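Open the model in your viewer and keep the selection tool ready. This tour goes stop by stop.

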Amino acid sequence: MLKRDRQQLICKLVKEKEISTQEELTAELNAFDLNVSQATVSRDICELSLIKVGGTQKKIKYAIRSLHTDSIPENLIEMFKTITISIESVNNLIVIKTSSGNANSAAAVLDKMSIPEILGTIAGDDTVLAITKANSDAESVVKSLRKIKC
């Protein structure tokens, strides 16, 4: 299973179950015959920027921190998920690769999110360039955008 697919499964599990430890999450993934280590799960949790919140059955549980996407129609968020291939940062620049001809659509969704750290976006055919105020802002935004794929 690819890393992306494993991380999507983690997001699904976190949404459906109250998982409070890395060991529990590792066991859940291993139940799908993934044979992942706790170290891999730890890295995935970090990359997905999972947070711990109060649970209903357990004292705490993992949860997905969300961007302010409530004001954006769900079909646009789904489209962003579908057309986005990769999201990387270099210094204060975010490079988003999309399927061919879809960069403008991805940039429009990104602009609608009104992420305060992003100063602006430029779209080509299959690449979006987003410029942030600082290097740390770019890293933070990339983590948040990757979580949308959940």
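Select threonine 26 to begin. Its relative accessibility is 9%, under the 20% cut-off, so threonine 26 counts as buried. Keep in mind that this is a predicted model. Threonine 26 sits in helix H2, residues 22-30. Now show what surrounds the residue. Beyond its neighbours within four places in sequence, threonine 26 contacts Val36, Ser37, Gln38 and Val41.

Next, select helix H4 (residues 74-83) and helix H5 (residues 103-112). Their axes come within 10 Å and cross at roughly 135°. H4 is therefore oblique to H5. The crossing of H4 past H5 is left-handed. Show side chains here. H4 brings Leu76, Met79, Phe80 and Ile83 to the contact, and H5 brings Ser105, Ala106, Val109 and Lys112. By class, this contact of H4 with H5 has 6 nonpolar, 1 polar and 1 charged residues.

Now go to the largest nonpolar core, which has 22 residues. Which of them touch the most other members? Select Ile94, Ile96, Leu110, Met113, Ile115, Val128 and Leu145. Two or more residues of this core come from each of H4, strand S4 (93-98), H5, strand S6 (127-132) and helix H6 (135-148).

Centre on isoleucine 94. Leaving out residues up to four places away in sequence, isoleucine 94 touches Ile87, Glu88, Ser89, Val128, Leu129, Ala130, Thr132, Ala138, Val141 and Val142.

For the last stop, find the second core. It is separate and has 15 residues, among them Cys11, Val36, Val41 and Leu50. Val36 and Val41 were also on the contact list of threonine 26.

Technical notes: Residues numbered from 1 in each chain as written. Predicted model: local features only at pLDDT ≥ 70, side-chain atom pairs only at ≥ 80, totals over all residues. Heavy atoms only, no water. Axes fitted to C-alpha atoms, helices over the stretch in contact; angles between N-to-C directions. Helix = DSSP H or I, 4+ residues; strand = E, 2+ residues; numbered from the N terminus. Parallel < 35°, antiparallel > 145°, perpendicular 65-115°, else oblique. Left-handed = near helix turned anticlockwise from the far one by under 90°. Contact = heavy atoms within 4.5 Å. Nonpolar A, V, L, I, M, F, W, Y, C, P; charged D, E, K, R; others polar. Core = buried A, V, L, I, M, F, W, Y, C linked by side-chain atoms within 4.5 Å. Buried < 20%, exposed > 50% of the residue type's maximum accessible area, 1.4 Å probe, protein only.
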